[in-house]
Number of protein chains: 2
Amino acid sequence: MSEAARLMDAAIRLSLRGLGRTAPNPNVGCLVVRNGRIVARGWTQPGGRPHAEMMALEAAGAAARGAELYVSLEPCAHVSPRGPACADLIVASGVSAVHIAMRDPDPRTDGQGAARLGSAGVAVTLGTGEAAARQAMAGFLSRIALGRPRITLKLAMSIDGRVSMPGGESQWITGPEARAHAHLQRALADVIVIGRGTLEADDPSLDVRLPGLEDRSPRPAVLSATLDAIPASAKFADRDPLLLASVDDLCGLAVNDVLVEGGAATASTLLAADLIDRMLVYRAPVVIGDGAPGAGRIGLERLADAHGRWRLAETRALGNDRLEVYARTR
Amino acid sequence: MSEAARLMDAAIRLSLRGLGRTAPNPNVGCLVVRNGRIVARGWTQPGGRPHAEMMALEAAGAAARGAELYVSLEPCAHVSPRGPACADLIVASGVSAVHIAMRDPDPRTDGQGAARLGSAGVAVTLGTGEAAARQAMAGFLSRIALGRPRITLKLAMSIDGRVSMPGGESQWITGPEARAHAHLQRALADVIVIGRGTLEADDPSLDVRLPGLEDRSPRPAVLSATLDAIPASAKFADRDPLLLASVDDLCGLAVNDVLVEGGAATASTLLAADLIDRMLVYRAPVVIGDGAPGAGRIGLERLADAHGRWRLAETRALGNDRLEVYARTR
Ligand SMILES: NC(=O)c1ccc[n+]([C@@H]2O[C@H](COP(=O)([O-])OP(=O)(O)OC[C@H]3O[C@@H](n4cnc5c(N)ncnc54)[C@H](OP(=O)(O)O)[C@@H]3O)[C@@H](O)[C@H]2O)c1
Ligand SMILES: NC(=O)c1ccc[n+]([C@@H]2O[C@H](COP(=O)([O-])OP(=O)(O)OC[C@H]3O[C@@H](n4cnc5c(N)ncnc54)[C@H](OP(=O)(O)O)[C@@H]3O)[C@@H](O)[C@H]2O)c1
């Protein structure tokens, strides 16, 4: 790995700090580097402002003059009521070069940020670490490309694909390591969705119960065409829950990452509509037999239609269980 | 790995050549070694005779005198109408030392083979490579320990645990690499079992369709309490198929390794009776939804009863699919 690639990698890792909290803005990471030393760092703040570049440049102060900037997404070119354009800030800071992992597909920037830097005499490189940057901002990029958040379906299931015992018992199929991992995924989502059936059967907390991350619980949402309001008795009622009357409401959320935690009716409806981008399957080494399945009818007519849609992107052990991450092939 | 461990490992790998063909005898491997060089090899022959030691000693001839023997199971101490005791053969051959991976739990030998060698002045070591030898002879050891063959259940399933589409279509859930691997597993079994439902629905060939292994097809068997005879029209009718009227008939088979290939009723009955020792799950990266599950009711009352029974012993990629090998924890 070249020096530039390593520095960009560090900027991208920094960008992950904002995951699940920067919507509607992308989670960006930024480093100010002088003579190979990192002198300041920034990442998109909760709510999306300040941007990563502004935070890094403020931290750098006068040290920015003549320094190089590493940023995981093209600096924005649009002035907003909430702040100036990052490209203008960078020019004003006296930075001599800007390394950008990827062009911002948002039409308000889309090349114009880099152009503004270039015409002001700042050296610009584009593309270092692009694949990693794409993965780090997958939710934001889904919004731009598909016009909706990235939707991740979480399933905790047995070898034979069951999510609960015949009588409904489902706590716990997986062990503590898998459950901790699943809680971390909550922290990385903007919104967490369940169906009305799960609300009524389980009244789940939908919070992040990991030491140090308790304040990272995503906004809860319930999918239901029949509820008028979310009952005040729900465990998450004090966290400003959303009521989604349809899948369109879900797709219309102005956030980057949505995590769906069931149940089967909700999973099926989203799978049938081909709206799931990623599945996190926590597989326990148990056979259940005639329990409830994780999904019901999803509208496939032939086996051939089922093939080619999913790619096992990652798998690893989590205690006695295994995580299988499937990515939709698009 | 020490020299002795490497040689024993080679003997154990040799023993695998007999897998699925030596019943009711164990599949054993044997090397004759002189001055660190392998001068002869033997493995249990189809039908169980000659034993590995006899084959190796015959191949070695006069070179056995003063040589060392590596053998994956304690040489037998019992004379049978089908041949002499291996311990006696070894003493007569003039071998100076015998390395044995594991004691033979068969009560007719169980320490007596090693004792006979020792009292004849042959140096004996016991235990090198025992774990690997146990695995190589798992079927035989199951017969001695549990009084029945090792029973392996094969399942080709989707992410969500379905083995066919709602309409019954199941060819193919997995790809060519997984199917080839499954065919190899057939070659390593003595008997392959299906339920009457699968016979009538699919009329499968149950043979080994791998180049060079066509003659390794296991003996086919059908589980059915209602059939009087296996229909002469069955594709495997000319391979002397067995009719098993009950699970007891299956357990009473005088073979080491039984492979069960479904369907769900047969899988459930064996899982409920806790008769499955190993599951080979070929997992395809597809979601099916409301297809047929691989197993039905298996008699568990609570989730706690499902836990602790299975251990993921191995997992690996096979083309686009993944093999998950689960071993019963006993
Ligand atoms: N082991 C696990 O990982 C796990 C996870 C979650 C849940 N579960 C279990 O799953 C069970 C609940 O599952 P479920 O399938 O019955 O219910 P569910 O999916 O949680 O909720 C079903 C409800 O969601 C709403 N909904 C679904 N699709 C919709 C759409 N396209 N538009 C509008 N509303 C939609 C409908 O509500 P309206 O009828 O109000 O319109 C529907 O009745 C519970 O027993 C729970 O314990 C297990
Ligand atoms: N995708 C795959 O990997 C796969 C593999 C295999 C099969 N399949 C599908 O599975 C379906 C058939 O499954 P299935 O569950 O209906 O049938 P099955 O398990 O193949 O056969 C059921 C029959 O087996 C006999 N049986 C089961 N347990 C028994 C016991 N304890 N004692 C005596 N006999 C016993 C009974 O026969 P009697 O009624 O005669 O007593 C029973 O009716 C087919 O559609 C086939 O295509 C899929």
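Colleague: What are the ground rules for numbering and confidence?
Modeller: Residues are numbered from 1 along each chain as its sequence is written, and chains are lettered from A and ligands numbered from 1 in the order in which they are written. This is a predicted model in which local features need pLDDT of at least 70 and side-chain atom pairs count only at pLDDT 80 or more, while totals for chains, interfaces and linings use all residues; side-chain values use heavy atoms, with hydrogens and water left out.

Colleague: How many helices and strands does chain A have?
Modeller: Chain A has 11 helices and 15 strands. Helices (H or I, at least four residues) and strands (E, at least two) are DSSP runs, numbered from the N terminus.

Colleague: Why does the radius of gyration of chain A agree with a compact globule?
Modeller: A compact globule with 330 residues would have a radius of gyration near 20 Å, and chain A has 22 Å, which agrees. The radius is taken over C-alpha atoms, and the globule rule is 2.2 Å times the number of residues to the power 0.38. The C-alpha atoms of chain A fill a box of roughly 70 × 45 × 40 Å along the principal axes.

Colleague: What share of the residues of chain A counts as buried?
Modeller: Of the 330 residues, 53% count as buried. Buried means under 20% relative accessible area, exposed over 50%, and partly exposed in between (1.4 Å probe, protein chains only).

Colleague: And what about contacts in chain A?
Modeller: Among contacts with a separation of 6 or more, 71% come from residues 24 or more positions apart. Contact means heavy atoms within 4.5 Å.

Colleague: Changing topic, where does UniProt place the "active site"?
Modeller: The unreviewed UniProt entry places that feature at Glu53(A). UniProt positions are given in the numbering used here, feature names are shortened, and annotations may be inferred rather than shown by experiment. The record also places "domain: CMP/dCMP-type deaminase" (unreviewed entry) at residues 2-125 of chain A. Over that stretch the chain is 31% helix and 19% strand, with the end C-alpha atoms 14 Å apart.

Colleague: Is Glu53(A) buried or exposed, and what does Glu53(A) touch?
Modeller: Glu53(A) counts as buried because its relative accessibility is 4%. Glu53(A) is found in helix α2 (residues 52-60) of chain A. Leaving aside residues up to four places away in sequence, Glu53(A) touches Cys30(A), Val71(A), Leu73(A), Pro75(A), Cys76(A), Cys86(A) and Ile90(A).

Colleague: What is the strand order in the open sheet of 8 strands in chain A?
Modeller: The order is β10-β9-β8-β11-β6-β12-β15-β14 (chain A), and the pairing is mixed. The edge strands are β10 (242-244) and β14 (310-318) of chain A, each pairing on one side only. Two strands pair if DSSP finds at least two bridges between them.

Colleague: Which strands are joined to β11(A)?
Modeller: Strand β6 (residues 150-157) of chain A runs parallel to β11(A) and is joined to β11(A) by 4 bridges, with Arg150(A) opposite Asp257(A). Strand β8 (residues 191-195) of chain A is also parallel to β11(A), through 3 bridges, and Val193(A) stands opposite Val260(A).

Colleague: Which way do the residues of β11(A) point?
Modeller: Asp257(A) and Leu259(A) point one way from strand β11 (residues 257-260) of chain A, while Val258(A) and Val260(A) point the other way; all are buried.

Colleague: What is the order of the open sheet of 5 strands in chain B?
Modeller: The order is β2-β1-β3-β4-β5 (chain B), with mixed pairing. Strands β2 (37-43) and β5 (123-126) of chain B stand at the edges with a single partner strand each, so one side of each is left without a neighbour in the sheet.

Colleague: Which backbone details deserve a look?
Modeller: Most residues other than glycine have a negative phi, and most peptide bonds are trans. The peptide bond from Gln171(A) to Trp172(A) is cis, with omega near -5 degrees, and Trp172(A) is found in the loop between β7 (162-164) and α7 of chain A. The bond from Ala23(B) to Pro24(B) is also cis, with omega near 5 degrees.

Colleague: What is the phi of Asp240(B)?
Modeller: Phi of Asp240(B) is near 50 degrees, a positive value in a residue other than glycine. Asp240(B) counts as exposed because its relative accessibility is 51%.
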